[in-house]
Amino acid sequence: MTFLLPLLWITGWIAASAWYRRSRGKPIIPRVPGDAVFHENWCSGRSMRNWLTRIGGARNCLMVYVQGQDLVVTAKFPFNLTFLPEIYGPDVRVPLVTIVSVRPLTRLFQKVLRLEFATGGPAPIELILHDEAGFVRHLGQSIAVHADRRLQARQNPKKRFNLTYFRLFFAVWGAGALFAAWSGLPDDWRFRHDGAKVAAVFQAPDLAVDPRGHGILAYRVHGHDYRLTSFNGAGTYTVGATESIYYLPGDPQNARQEGLLVFDLGGLGLGVLALSFSLFGAALLRRLS
């Protein structure tokens, strides 16, 4: 169970961020509307709200479009989850009339557009676009453009569908989960098929021996007491609770916890999902974009 805690925490964090976005009327999988007069995908940018957003920002994961009288800048799926847009930005939907100025700048050999908004609006944002001239043209004639340099004409965008680092992480994690599950399933079968079942009781761990606080399962066979170190880490069991275990009749000290079967099957399923995302995640995101 301890092995699954980080994954459960990440899953809960993703679910919470998805609920938060839905509660604010923001889509989970944002799409460019059909009536957008300007749009670009896989852009970069940052909010100038604070020091964290300035050093964070978003690289090659933003979608920018002008729809009607609104400008929308948001992260593409799945980069809009885990509260990344809320923490690092930019994630804005503002009326075009609130944009008071656009300034083309060059920062560290990169061409950026800095957008300033009216008082009460969002903090200034900086965008790296492929078609600066087309973007500014669709913002409207009333917006002041401070031309410190010439606007960049349309360039061919570099789409980032491969997600190399994410795919590598899921490949390594999935392979590890599959190996752990596959190596444990034969023992699960052997102990259930050849062994005998007995109820064991969780005892308080000896932290001097095991600082991680894994539970100790105590059980009795033919008048003799035995102890088994559980795979349940601290906080995942209750002292005094019972758990079934299987032991081999000729060797009662050699036992296996019943819950390990669920653990191994869960690891097998999650490993398959992780490897599937590693292999086919890019194609899936390509279909969603």
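Here, a residue counts as buried when its relative accessible area is under 20%, as exposed when that area is over 50%, and as partly exposed in between (1.4 Å probe, protein chains only). The model is predicted, so local features are reported only at pLDDT of at least 70 and side-chain atom pairs only at pLDDT 80 or more, while totals for chains, interfaces and linings use all residues. Residues are numbered from 1 along each chain as its sequence is written, and side-chain values rest on heavy atoms, with hydrogens and water left out.

Start with the overall picture. The protein chain has six helices and 13 strands; helices (H or I, at least four residues) and strands (E, at least two) are DSSP runs, numbered from the N terminus. Of the 289 residues in the chain, 40% are buried. Among contacts between residues at least 6 apart in sequence, 61% join residues at least 24 apart, a contact being heavy atoms within 4.5 Å. The chain exposes about 16500 Å², with carbon and sulfur atoms supplying 60% of that area; accessible areas come from the Shrake-Rupley method with a 1.4 Å probe, and for residues only the protein chains shown count as cover.

Next, the nonpolar interior. A nonpolar core is taken as a set of buried Ala, Val, Leu, Ile, Met, Phe, Trp, Tyr and Cys residues joined through side-chain atoms within 4.5 Å. The largest such core holds 26 residues, and the members that touch the most others are V64, L71, V73, I99, L115, L127 and F135. Two or more residues each come from β1 (38–47), β2 (58–67), β3 (70–75), β4 (92–95), β5 (99–107), β6 (110–117), β7 (125–128) and α4. Strand β2 gives the most to this core, with five residues. There is also a second, separate core of twelve residues, which includes Y219, Y226, L228 and I245. In soluble globular proteins, nonpolar side chains tend to be buried together.

Helix α4 spans residues 132–139, and its buried residues are E132, G134, F135, V136 and L139.

Now for the strands around β3. Two strands are said to pair if DSSP finds at least two bridges between them. Strands β2 and β3 pair in the antiparallel sense over six bridges, with Q67 standing opposite D70 in β3. The hairpin they form has two residues between the strands, and G68 there takes a positive phi near 60°. On to β4: four bridges join β3 to this strand, and the two run antiparallel. D70 turns up again here, standing opposite P95 in β4. Five of the six residues of β3 are buried, so the strand is largely enclosed by the rest of the structure. The loop between β3 and α3 (84–88) contains P78, and the peptide bond from F77 to P78 is cis, with omega near 5°.

W42, in strand β1, has a phi near 55°, a positive value in a residue other than glycine. W42 is also buried, with a relative accessible area of 3%. N60, in strand β2, likewise has a positive phi near 55° and is not a glycine. The relative accessible area of N60 is 17%, so this residue counts as buried.

Strand β12 (residues 242–248) contains S244. This serine is buried, with a relative accessible area of 19%. Leaving aside residues up to four places away in sequence, S244 touches K197, V198, Q257 and E258.
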